[in-house]
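Thank you for sending this model over for comment. My notes follow as numbered points, beginning with the ligand sites and ending with the strands.

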Amino acid sequence: MSQWIDVCNVDDLVADAGICAWVAQRQIAIFSLPKINGVFAVDNLDPFSGAQVLSRGMVGDLGGIPMVASPMYKQHFNLETGQCFEDQTLRITVYPLRIHQSRIEISL
Amino acid sequence: MSMKQTLIVIGNGMVGQYFLDTLVNSGLTEQYRIITFAEEPRPAYDRVHLSAFFSGKSAEDLALVNEDFFAQHGITLYLADRVISIDRQQKQITSAQGRVMAYDKLVLATGSYPFVPPVNGRERPQCLVYRTIEDLQAISAAAATSSIGTVIGGGLLGLEAAKALRDLGLETHVVEFAPRLMAVQLDDGGGAMLRRKIEALGVEVHLNKNTTLIEAGQDCLNRLQFADGDSLETDIVLFSAGIRPRDDLAASCQLIQGPRGGIVIDNQCRSSDADIYAIGECALWNGQIFGLVAPGYAMARTVIADLQQQPASFSGADLSTKLKLLGVDVASIGDAQGKTAGALSYCYQNEAAEVYKRLVVSADKSRLLGAVLVGDASNYAQLLQYCLNGMTLPDNPESLILPVAANQPAALGVEALPASAQICSCYDVSKAQVCEAVASGCCSLPELKQRTKAATGCGGCAGLLKSVLDNELTKHGVAVSNDLCEHFALTRQQIYHLVMVEQIQTFDQLLSRHGHGLGCEVCKQAVGSILASYWNDYILKTPHIGLQDTNDNFLANIQKNGTYSVVPRIPGGEITPDMLITLGQVGKKYQLYTKITGGQRVDLFGARLEQLPLIWQELIEAGFESGHAYGKSLRTVKSCVGSSWCRFGVDDSLSLAIELENRYKGLRAPHKIKFGVSGCTRECAEAQSKDIGVIATENGWNLYVCGNGGMKPRHADLFATALDTVTLMRYIDRLLIFYVRTANRMQRTSVWLENLEGGLSYLRQVVIDDSLQIADSLEQQMQHVINSYQCEWKTTLENPQHLQRFRSFVNTDQPDQSLAFIEQRGQSFPAPSLPVKHFPIIEEVA
Ligand code: SRM
Ligand SMILES: Cc1cc2nc3c(=O)[nH]c(=O)nc-3n(C[C@H](O)[C@H](O)[C@H](O)COP(=O)(O)OP(=O)(O)OC[C@H]3O[C@@H](n4cnc5c(N)ncnc54)[C@H](O)[C@@H]3O)c2cc1C
Ligand code: SF4
Ligand code: FES
């Protein structure tokens with residue numbers, strides 16, 4: 001049974017960019033891609049640099065797959081699955097997200 | 001005991017050294033003990049680029065051989081020791097220092113000497129020649145106390161020498177016996193156009209002048225007396241009346257010489273003694289002396305083959321030339337004067353643009369016999385290929401010299417060249433060799449140059465080489481895709497153009513019209529930069545936010561732990577003690593690690609997102625502005641104190657640096673841009689390693705362009721000399737916007753120039769001569785950038801909506817607890833983080 005946790009308002013999202021939220025002692029990066037009506041939540045930790053920075057990466061797509069590029073060394077991560085494009089063995093955590101009455105909610 | 005034979009090479013000039021280089025690669029060193037005698041005090045240097053000595057290249061820069069070459073290959077080198085005689089019976093030579101050595105094989109590579117016509121008074125003081133580094137040192141010394149210099153001889157070399165005198169700040173004259181300049185290579189029309197151009201450089205030309213006497217002058221040290229009764233006062237007299245082969249050694253041992261000198265050689269480059277070869281400018285082949293390096297190199301290769309008992313024969317050389325004079329495009333190909341029986345000519349003359357072109361074709365109009373190009377030699381390589389390879393001309397040969405309408409494809413692609421076509425004549429590199437190198441993995445010009453040596457001599461073939469490279473890559477399907485990324489099948493330059501033409505203001509407009517998908521960090525940043533260069537909007541305006549990488553997004557540089565650094569602008573490195581105190585106070589208050597940067601300013605490290613606005617608030621109140629350390633934009637203008645303090649300062653480099661920094665701050669570009677301004681040639685500001693470098697001289701500012709420190713250092717090129725401040729800025733305005741419009745993404749000016757077809761001289765044409773007629777538009781665009789400058793931090797602080805984004809978390813004001821610091825040497829540093837695995841850097845970050 002999943003439990004939805006209230007995070008922020010949809011107005012807090014920045015189109016085609018990310019924001020970071022503090023949820024249950026975790027840093028969560030949330031991205032908004034209005035062109036595909038997509039909002040995604042992933043772990044903010046960049047596994048390559050060890051810094052909490054993914055929310056500040058640039059978004060877009062690679063071969064049609066929505067992605068974020070780490071601001072540190074530019075590895076790309078699939079926003080739907082967390083899979084790293086450059087390293088098959090790496091996958092970051094993806095969190096289920098929903099919009100409920102203009103609020104962003106995620107499930108851990 | 002090995003039974004090596006002894007091979008002695010007399011002369012360590014350009015050809016002698018090339019011979020040694022080729023020899024050590026041929027394996028013949030197993031068979032021969034090698035000894036070489038050099039009359040000059042240093043090993044071989046690049047005589048072809050000798051004039052660069054005047055623009056600051058040192059003897060070391062010009063060296064063709066590194067220190068340990070001789071030791072490494074077991075070659076004995078005797079410097080400053082001239083061979084004075086050869087004893088062919090004993091097979092031994094004697095040197096001026098008294099060395100007597102036996103040889104089995106002898107190679108004469110003694111070059112030539114400048115011919116000084118037998119004019120009375122030619123031994124007078126400051127009557128000089130132009131051949132060696134010592135000659136140039138003597139000219140420099142003489143120039144220091146002179147105001148007028150005259151070159152006797154209006155040939156290729158004479159004009160180069162004249163340009164050098166001009167650049168040394170002398171009033172310069174050229175005196176020519178013939179009725180036109182470059183009498184050997186040009187026709188009357190070309191000579192006349194060249195004269196106009198040379199005079200426009202500030203060199204006065206006197207034709208039909210036979211110098212009969214040099215005597216003491218009244219106002220100057222010397223006076224030239226001419227046969228027609230005229231005279232000319234001059235301090236320096238520089239003879240450049242042709243060269244004569246250095247065949248004195250041959251004479252001493254009765255080798256056969258030509259009636260007008262030169263050591264007679266056969267097709268194997270053997271003299272009349274089969275154990276003695278002669279190569280380079282001392283050799284006479286088929287009644288001809290070749291005053292260029294390429295034929296000398298070909299002779300050297302022939303001798304190597306002969307020593308290896310392989311068939312090879314020297315078969316003459318093409319004497320087509322392209323003048324490498326600043327700002328003057330002149331080329332001569334084959335039978336330029338149309339002396340072949342039945343030859344027909346086509347001429348194109350444009351006095352307004354100072355262009356003259358002539359084609360000489362065979363009677364049936366099918367073959368190109370020769371050409372003269374003055375004012376525009378851009379299709380030199382193409383025409384040369386027609387001529388050398390006997391390729392069939394198009395039905396309307398005149399199309400080759402008529403101005404091409406925009407977008408019309410060039411008449412001939414490199415694809416049409418036969419495999420045997422010579423691409424580089426200096427190193428005799430054929431198209432086939434280039435193709436082979438590309439096939440085996442050379443994908444860039446630098447790699448190709450390194451592998452084949454093509455374009456590393458005079459450099460004249462670089463454009464052609466690049467075309468062959470691109471053509472081959474395309475054929476191999478190694479997509480020479482210059483597409484920006486998968487979202488845009490366009491180059492950065494094309495996108496720039498679309499933005500201009502369609503007045504596109506946002507990434508989304510561009511994407512919907514010309515791209516597909518959502519975009520990625522590559523195209524977004526590139527387009528963000530283009531929009532910023534062109535419109536100079538505030539970069540954090542809503543539609544642009546997603547186009548900025550984190551540095552631009554938060555107007556600060558991200559550090560390894562996710563914190564940011566703060567770099568306020570300190571124009572020219574000049575800062576008041578009060579401002580310095582403010583920096584100290586701010587650093588202390590926010591516990592920022594503080595360091596003096598390599599760019600003459602101060603960097604404060606370790607700020608969290610939510611601290612950035614607070615820090616900048618204090619800095620801006622104290623009068624600081626954003627330093628754009630985060631942007632692909634103007635960084636610093638490094639300067640020295642110049643004439644304001646320094647006892648050597650020639651001009652006020654400090655004021656100029658500050659003015660330049662304030663003028664160009666905020667300009668967004670394909671990559672970062674750095675300037676340097678030095679107050680004199682001691683160059684304390686290292687201007688020659690910057691994108692834009694300026695050095696003060698007695699006559700005005702010298703402008704250097706496209707230098708680079710960093711990963712691949714490149715010395716800047718001298719672009720223009722003796723400029724006043726207004727002209728200087730005009731050139732910089734034009735050059736920078738031209739760079740902004742045409743460079744690839746993430747291309748520094750150095751790499752841009754190296755890839756710019758036509759190179760430095762093309763850039764000069766665009767910037768100085770306005771050959772594309774875009775100077776106005778370039779200047780206007782720069783003016784727009786200057787007028788619309790804003791301190792991005794100031795704008796951000798004034799706008800609460802933007803400030804919203806400077807928080808660690810969207811749902812709480814607490815700081816990021818994951819950041820940990822340690823103390824070292826009294827300051828704060830990031831705590832060592834989790835062991836991070838090694839990863840390839842996908843992309844240079846900033
Ligand atoms: C702070 C400073 C080093 C220092 O402790 O002194 C520095 C720091 C960085 N340099 Fe630099 N460079 C600094 C002077 C230089 C210099 C020296 C100079 O400017 O005279 C050079 C060589 C000169 C040149 O650029 O031609 C230099 C060549 C580079 C390069 C290589 C550029 C190249 O063309 O090869 C990079 C990487 C890049 O730009 O792609 C780079 C990139 C960087 C980045 C941005 C790397 C990064 O993304 O983290 C560093 C972060 C700056 C920051 O966090 O604030 N930095 N860097 C210097 C800041 C100067 C300033 O006041 O703005
Ligand atoms: C300013 C300038 C610009 C030029 N530009 C071009 C150009 O753009 N393109 C081009 O193709 N060519 C150019 N040339 C010509 C080119 O430099 C020569 O063709 C080339 O240097 C010839 O090489 P070499 O080895 O035959 O003679 P050199 O380079 O002159 O070498 C001969 C060497 O032998 C030494 N020597 C002579 N006699 C003795 C002896 N008895 N014992 C020991 N040593 C001895 C000499 O001192 C000299 O160092 C230019 C020349 C000059 C001066
Ligand atoms: S470059 Fe010249 S003026 Fe500037 S500090 Fe050095 S010596 Fe002085
Ligand atoms: S032709 Fe001179 S370097 Fe290639």
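1. Around ligand 2 there are 30 residues, of which B:V15, B:E39, B:E40, B:R131 and B:E281 come nearest; a residue is taken as near a molecule or strand if one of its heavy atoms lies within 4 Å of it. This is a predicted model, in which local features need pLDDT of at least 70 and side-chain atom pairs count only at pLDDT 80 or more, while totals for chains, interfaces and linings use all residues. Residues are numbered from 1 along each chain as its sequence is written, chains are lettered from A and ligands numbered from 1 in the order in which they are written, and side-chain values use heavy atoms, with hydrogens and water left out.

2. Which backbone atoms approach the oxygen and nitrogen atoms of ligand 2? A polar backbone atom of B:M14 is 3.2 Å from an oxygen atom of the ligand, a backbone N or O atom of B:V15 lies 2.8 Å from an oxygen atom of ligand 2, and a backbone N or O atom of B:V83 lies 3.0 Å from a nitrogen atom of ligand 2. The polar contacts are pairs of N or O atoms within 3.5 Å; within protein, one must be able to donate a hydrogen and the other to accept it, and residues adjacent in sequence count only if both atoms are side-chain atoms. On its own, ligand 2 has 990 Å² of accessible area, and the protein covers 93% of that; such areas come from the Shrake-Rupley method with a 1.4 Å probe, and for residues only the protein chains shown count as cover.

3. The shell around ligand 2 is made up of 13 nonpolar, seven polar and ten charged residues, where Ala, Val, Leu, Ile, Met, Phe, Trp, Tyr, Cys and Pro count as nonpolar, Asp, Glu, Lys and Arg as charged, and the others, Gly among them, as polar. In chain B, α1 (14-26) and α5 (156-167) each supply at least two residues of this shell, and the largest share, three residues, comes from α1(B). Helices (H or I, at least four residues) and strands (E, at least two) are DSSP runs, numbered from the N terminus. Because domain 1 (5-113 + 245-307) and domain 2 (127-241) of chain B both give residues to the shell, ligand 2 lies between them; the domain bounds come from an automatic or database domain assignment.

4. Two loop residues of chain B deserve a look at their backbone angles. B:N536, in the loop between α15 (521-535) and α16 (550-553), has a positive phi of about 55° although it is not a glycine, and B:N536 is buried at 11% relative accessible area. B:D770, in the loop between α22 (759-767) and α23 (775-787), also is not a glycine and has a positive phi of about 55°, but at 22% relative accessibility B:D770 counts as partly exposed. Buried here means under 20% relative accessible area, exposed over 50%, and partly exposed in between (1.4 Å probe, protein chains only).

5. In chain B, strand β1 (residues 5-10) is mostly covered, five of its six residues being buried. Six bridges join β1(B) to the parallel strand β2 (residues 32-37), and B:I8 has B:I35 as its bridge partner in β2(B). Two strands are said to pair if DSSP finds at least two bridges between them.

6. Chain A has zero helices and ten strands, and 59% of its 108 residues count as buried. An open, antiparallel sheet of four strands in chain A has the order β2-β3-β4-β8. Its edges are β2 (17-23) and β8 (94-95), each with a single partner strand, so one side of each is left without a neighbour in the sheet. β2(A) pairs with strand β3 (residues 26-33) over seven antiparallel bridges, and A:W22 has A:Q27 as its bridge partner in β3(A).

7. Is strand β5 (residues 58-62) of chain A enclosed or open? Five of its five residues are buried, so β5(A) is largely enclosed by the rest of the structure. In a regular strand the side chains alternate between the two faces of the sheet. Both faces of β5(A) are covered, with A:M58, A:G60 and A:L62 buried on one side and A:V59 and A:D61 on the other. β5(A) pairs with strand β6 (residues 65-69) over five antiparallel bridges, and A:L62 has A:I65 as its bridge partner in β6(A). The two strands, β5(A) and β6(A), form a hairpin with two residues between them, and A:G63 in the turn has a positive phi of about 55°.
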